[in-house]
Each structure stands twice: as structure tokens, then as C-alpha cells.
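Notebook open, viewer loaded. I want to go through the helix packing and a few loop residues, one entry at a time.

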Amino acid sequence: MTALPDLGPAGFDTIIDARSPSEFAEDHLPGAINLPVLDDSQRAEVGTIYKQVSPFQARKIGGALAAANVARHVAGPLADRDGGWRPLVYCWRGGQRSGAFSTILAQIGWRTSRLEGGWKSWRALVLRQVQDLGPPCPLVVLDGNTGSAKTEILQRLALHGLQVIDLEGLANHRGSLFGAMPGRQPSQKLFESRLAVTLAGLDPSRPAVVEAESSRIGDLSVPKAVWQALCAAPRLRLQVPLAERARYTSRAYADAVAEPGRVEATVARLAPLHPAEQIEAWRGMADRGQWAALAEGLMREHYDPRYEKSRARHGENERGVIPVADLSHAGLDAAAARIEAAVERLHQDSGLPLRPGA
């Protein structure tokens, strides 16, 4: 591979990651399945023998383990593959593990390929995209205080045919203290892989809309080139009444309020930043299930002041304010239409179309 988009047109039926489960969990090629040549404990065992006994003994034991594991994969997950099946196999650097696996598959008669350079070659392309190249097209940043439904509006824009980059979706986090979503966040490397694939798939001739974010989304960092592009891009700001944002947030974060103790624990993390009586008032609202009131208080006293401070650093990039009276389905549709029109106005002079074939 010389570029990230090379993977799709190659037309492999299955991409097999031959590394251990922990390596696969940290990062892997998109769509890959994990069929380890050595599992984590076996890999550790062979490595210990290599260092403490001899490389020959390690290779002999490793070879026996690998052969048994590949045999189980062929008889199990791969048993239904027909003669025309075309897999791509890779390991950490395209060496012994993928070599052993691909040799056996090829000998069976399958049209087997091996990724030169392995996962390391993939990782180099990912880093080049997110750290050096960044987005290949112009960006428009969708800004707005907490609870402005930016993510939901992005989803509507995508349905309308606009290019969007959903950073929070890729990071599996809503970007706030209460933003944890079901399932864990991906590792930093897997987040970067997902983001790199998204960027590489964008049409350079059309702008992409992305939500305003800080440099961190939960536990993950936005890569350098992407963050620089976000900071330099023109911004459109949603202006939504505080009470409406609070009502929307109490609905949108239903999973958080349904989890016993989660809201109270998150409020407690704010104790170093606010007076004790304020923390107790918020805890009381949580105890009584007054979610809209709690959301409004948190926005007024905690989130909004911090958003305004952060926004001031990018004030020169603001190109328009979009008033949104309500965040009902109809209100969100109307907001998306106004954002779409504003994006189109921003790019009229450049001549860039919003949709394919426009």
C-alpha cells in the first residue's frame, strides 16, 4: 500500500489480522477480523524463550503453536470459504506470523495476498494523513454552546448529501464530562485509523462540515494536522436559548441519567471548580431527578463560560450566527437547512459544490 484508499479497490474478500488479540484491539485495518497465529500468552511465552533460551527453540515452539492455531482457523472460521476466496493477511511488520498463515492458505489453493510491511506500513500511512496532511478539503466548523444539538444537525447534513466529519462518533464520546457513551472509547491509534480513513474518503472538491471540539475528546487527542485545520476554518455558530438547550440535553443524555450514581459522580468531579453550596445544589437536583434544571444550571455556571472563553480564541473565524428557537425534529430540520445554505454561501466564491455532481 502506498495510500490509504488503495485498500478498497484491491477487492479482498476478507482482511485477516494475524496478530494477537491485544494488538488487534489497539488498532487494526478497517473491516479486519482477528485470527491470531499466536495469542497473547503464547506470544509472551515464545518471546521469553527467545530471550532466555535460544532463538531456535523459540522458533520451534512458536512454529508448532502457529501451525495448530492456523489449523483451527481453517477448520473453524474459514471452513465455509470456497475456492475463489481472496484473503489479505497481515501481522505487525509483514514477517513470520503473516508469512506462515498466508503460506498455508495459499497451499490450500486460496488466492492469498500478504500486506508488505504489515500493520506498521498501515500505521505510517495513518500518521501521515492525520499528523501531516490533515483534511483534503476545506472545512466549515459548526459551533454552539453545550446542548445545541450539533451532532444531530451534522447527521441531518450528511443525509442531505453534505460531507461531514463526525469526530465524536469516531471517538465514541460526546466531548463533555457527561459524554461517555455505551462501550469504551477506542485506543488513540484506532481513533486515528478511523479518522484517517474518513479523511482519505473525502472529496477534495467539496467542503466538509465538522463540529467544534477541544483538542481532546474524552481521553483521546485530536491529531495535529486535523486540529490545526479546525482552528483555521471558518465557523458558523448555533444560537439556542438556554432553557431549550437544557431540555434537549436532558433527553439526549437519557443513558447517563439512567445509570445509577453516574450523574452524581460526575458532578462531584466539578467540586474543585465551584463553591461547595453550588455542588450540593446540583447534587440535590440529581437526587430529585430534576434533569432539565440540573442541565440548565450546569450550562449557565460551568459550560457556557468556558465555551465563551474558548470561542474568543477563534472569534476572527466566525462567519455567521444561526438562531435556533427550538430543538424539536422540525426545529432541527430547519436549522440543518439554514446551516446548509450558510455553507453554500461561504463557498460560492470558491466555486466548490456541496454535493457530488453539483
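I am working on a predicted model, where local features need pLDDT of at least 70 and side-chain atom pairs count only at pLDDT 80 or more, while totals for chains, interfaces and linings use all residues. Residues are numbered from 1 along each chain as its sequence is written, and side-chain values use heavy atoms, with hydrogens and water left out.

**Entry: whole chain**

I took helices (H or I, at least four residues) and strands (E, at least two) as DSSP runs, numbered from the N terminus. On that basis I get 15 helices and eleven strands. The C-alpha trace spans about 70 × 55 × 35 Å along its principal axes.

For burial I use relative accessible area: buried is under 20%, exposed over 50%, and partly exposed in between, with a 1.4 Å probe and protein chains only. Of the 358 residues, 45% come out buried. I also looked at contacts with a separation of 6 or more, and 73% of them join residues 24 or more positions apart.

**Entry: His28**

I found His28 in the loop between α1 (21-26) and β2 (33-34). Buried or exposed? His28 is buried, at 18% relative accessible area. Leaving out residues up to four places away in sequence, I see His28 touching Asp17, Arg19, Tyr90, Trp122, Leu190 and Ser193. Two of those names, Trp122 and Ser193, turn up again in the α5 and α8 contact below.

For helix pairs, the axes are lines fitted to C-alpha atoms over the stretch in contact, and angles run from 0 to 180 degrees between N-to-C directions. I call a pair roughly parallel under 35 degrees, roughly antiparallel over 145, roughly perpendicular from 65 to 115, and oblique for the rest.

Helix α5 (residues 118-133) packs on helix α8 (residues 188-200) at about 65°, with the axes 9 Å apart. The two are therefore roughly perpendicular. For handedness, left-handed means that the near helix is turned anticlockwise from the far one by less than a right angle, and right-handed means clockwise. By that rule α5 passes α8 in a left-handed crossing.

Which residues of α5 and α8 meet? From α5 I list Trp119, Trp122, Arg123, Val126, Leu127, Gln129, Val130 and Gln131, and from α8 Lys189, Glu192, Ser193, Leu195, Ala196, Val197, Leu199 and Ala200. I sorted them by class: Ala, Val, Leu, Ile, Met, Phe, Trp, Tyr, Cys and Pro are nonpolar, Asp, Glu, Lys and Arg are charged, and the others, Gly among them, are polar. This contact has ten nonpolar, three polar and three charged residues.

I started with α10 (residues 242-252), whose buried residues are Glu244, Arg245, Ala246, Tyr248 and Thr249. Their cover includes α6 (150-159) and α14 (291-312).

α10 and α14 pack at about 120°, axes 8 Å apart, and are therefore oblique to each other. Their crossing is right-handed. On the α10 side I noted Leu242, Ala243, Arg245, Ala246, Thr249 and Ser250, and on the α14 side Trp291, Ala292, Ala295, Glu296, Met299, Arg300 and Asp304. That divides into seven nonpolar, two polar and four charged residues.

Next, α13 (residues 276-287): its axis comes within 8 Å of that of α14, and they cross at roughly 155°. This pair is therefore roughly antiparallel, and the crossing is left-handed. Gln278, Trp282, Met285 and Ala286 of α13 meet Trp291, Ala293, Leu294, Gly297, Leu298 and Glu301 of α14. By class I get seven nonpolar, two polar and one charged.

**Entry: loop residues**

Asn145 sits in the loop between β5 (139-144) and α6, and counts as buried at 11% relative accessibility. Beyond four places in sequence, Asn145 touches Lys150, Arg245, Asp304, Tyr307, Glu308 and Arg311.

Ala149 lies in the loop between β5 and α6 too. Ala149 has a positive phi of about 65° although it is not a glycine, and is buried at 6%.

Asn172, in the loop between α7 (167-171) and α8, also has a positive phi, about 50°, without being a glycine. At 17% relative accessibility, Asn172 goes down as buried.

Terms used. Contact = heavy atoms within 4.5 Å.
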